[in-house]
Amino acid sequence: MISLVDLTAQYHSIKQEIDAAVLATLESGHFILGPQVTKFEESVAAYLGVSHAVGLASGTDALVIALRALNIGAGDEVIIPAYTFFATAGTVMSVGAKPVFVDVHPRSYEINVTEIESAITEKTRAIIPVHLYGHPAEMNPILEIARKHNLKVIEDNAQGFGAEYLGRKTGSLGDIGCLSFFPTKNLGAFGDAGMIVTDDPALAERMKMLRAHGWKKKYYSEEVGYNSRLDALQAAILQAKFPYADSWNNARRALAQRYTEHLAPLGVVTPIEEEWGRHVYHLYIIRSEKRDELQAFLKQKGIASDVYYPLPPHLSVPCRAFGYKEGDFPHAEKAAKETLALPLYPELTQSQQDEVIAAIAEFSR
Ligand SMILES: Cc1ncc(COP(=O)(O)O)c(C=O)c1O
């Protein structure tokens with residue numbers, strides 16, 4: 001069986017370091033925030049080239065707290081891509097605002113920058129570009145539109161740890177960057193974990209308050225916040241993994257290139273990397289009009305694959321309440337019917353990859 005990701009392979013490759021980090025944390029008796037979390041926050045801030053990082057319980061919380069820190073709520077609109085993980089839309093709704101979708105580019109799956117301005121109204125407060133699958137969104141035009149219309153930019157960098165736009169790390173380009181360290185992410189914890197990064201000290205301060213009940217001083221709430229603090233154990237594990245992040249991303253890129261070299265000649269629609277971007281292949285996505293048949297064929301051969309995502313968020317039950325319907329965002333809807341993620345993780349071997357390629361070649365004949 002070839003799985004889509006293999007988290008134990010990565011654990012075993014650096015087991016001693018992770019075990020030592022876990023044991024040291026258990027011995028420290030410090031489990032919520034504390035020195036382990038501060039260290040990891042500093043590592044990520046330095047890596048991305050930002051001044052502040054705030055460790056949180058998940059990437060979803062990062063989006064919620066980013067929106068709250070910008071005082072976005074009832075009556076406001078936030079522009080997001082029409083093809084993304086539900087959390088991008090769900091968090092906008094959870095703070096009381098309306099998600100306004102913009103269709104995606106049919107090949108890069110990033111928000112189509114040429115359609116953003118027509119979605120702006122007097123209620124629009126922010127744009128959330130998503131670096132989907134690890135490919136960067138086209139940030140300069142997005143930042144220019146935001147400046148022109150006085151909007152904030154929150155990057156959903158859950159899938160893009162290590163990706164670059166014109167040589168700069170994604171997550172560091174907007175007003176706030178939101179990161180997820182969900183176990184399968186390019187840098188993944190052994191549970192839920194997330195982070196917010198920003199260059200704005202006032203925003204960082206507010207987000208630190210929001211992650212702990214609105215406290216500036218313990219027990220003295222100044223506003224309604226959350227319990228969304230990063231666990232010391234997760235931070236220690238993430239810090240142990242952190243030095244490997246670049247080499248793991250390079251391994252993903254090499255495997256992705258190899259997939260493309262073998263699959264493109266078969267007529268398979270393979271992912272693109274825009275010349276201004278560095279893709280980190282959180283997911284390797286192909287497209288097929290016979291996607292469901294291909295997935296069943298691969299399964300029969302013992303090869304896992306998955307669909308990210310079968311339902312574009314505008315067609316979800318909560319978004320339909322705003323009147324969104326089939327046909328609103330054709331590229332997103334077509335992608336939901338055709339995209340398929342193939343096994344890809346840094347420890348995937350070439351012979352496993354060859355099996356996947358051979359199976360797709362057989363299906364394509
Ligand atoms: C694009 C995107 N946004 C947000 C999230 C939410 O992150 P988390 O699962 O850490 O809450 C994810 C991760 O699943 C994601 O892929």
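The model is predicted: local features need pLDDT of at least 70, side-chain atom pairs count only at pLDDT 80 or more, and totals for chains, interfaces and linings use all residues. Residues are numbered from 1 along each chain as its sequence is written. Helices (H or I, at least four residues) and strands (E, at least two) are DSSP runs, numbered from the N terminus. Two strands pair if DSSP finds at least two bridges between them.

**The seven-stranded sheet**

- Seven strands make an open sheet with mixed pairing, and they line up as β1-β9-β8-β5-β4-β2-β3.
- At its edges sit β1 (52–56) and β3, each of which pairs on one side only.
- Helix α4 lies across β1, β5, β8 (176–180) and β9 (194–198), and runs at about 160 degrees to β8; here, contact is two residues having their C-beta atoms, placed from the backbone, within 7 Å.

- What encloses β2 (residues 77–81)? Five of its five residues are buried, so the rest of the structure largely encloses this strand. A residue counts as buried if 20 or more other C-beta atoms lie within 10 Å of its own, as exposed if 12 or fewer do, and as partly exposed in between, with C-beta atoms placed from the backbone.
- In a regular strand, side chains alternate between the two faces of the sheet. For β2 both faces are covered, with buried Glu77, Ile79 and Pro81 on one side and buried Val78 and Ile80 on the other.
- On the β3 side (residues 98–102), β2 pairs in the parallel sense over five bridges, and Glu77 stands opposite Lys98.
- With β4 (residues 124–127), β2 pairs in the parallel sense over three bridges; Ile79 has Ile127 as its bridge partner, and Val78 has Ala126.

**Further along: β4, β5 and the crossovers**

- β4 and β5 (residues 152–156) are parallel too, joined by two bridges, and Ile127 has Val153 as its bridge partner in β5.
- A right-handed β-α-β unit is made by β2, α5 and β3. The hand is right if, with the strands pointing away from the viewer, the path from the first strand over the helix to the second runs clockwise.
- Another right-handed β-α-β unit consists of β4, helix α6 (residues 139–148) and β5.

**The three-stranded sheet**

- β7, β6 and β12 form an open antiparallel sheet in the order β7-β6-β12.
- β7 (168–169) and β12 (277–278) are the edge strands, each with a single partner, so one side of each has no neighbour in the sheet.
- β6 (residues 164–165) and β7 run antiparallel, joined by two bridges, with Tyr165 opposite Arg168.

**Around the ligand**

- The ligand is surrounded by 15 residues, the closest being Ser58, Gly59, Thr60, Ala158 and Ser180; a residue is near if its C-beta atom, placed from the backbone, lies within 6 Å.
- Both α4 (59–69) and α5 (86–94) supply at least two residues of this shell.

Notes:
Axes are lines fitted to C-alpha atoms, for helices over the stretch in contact, and angles run from 0 to 180 degrees between N-to-C directions.
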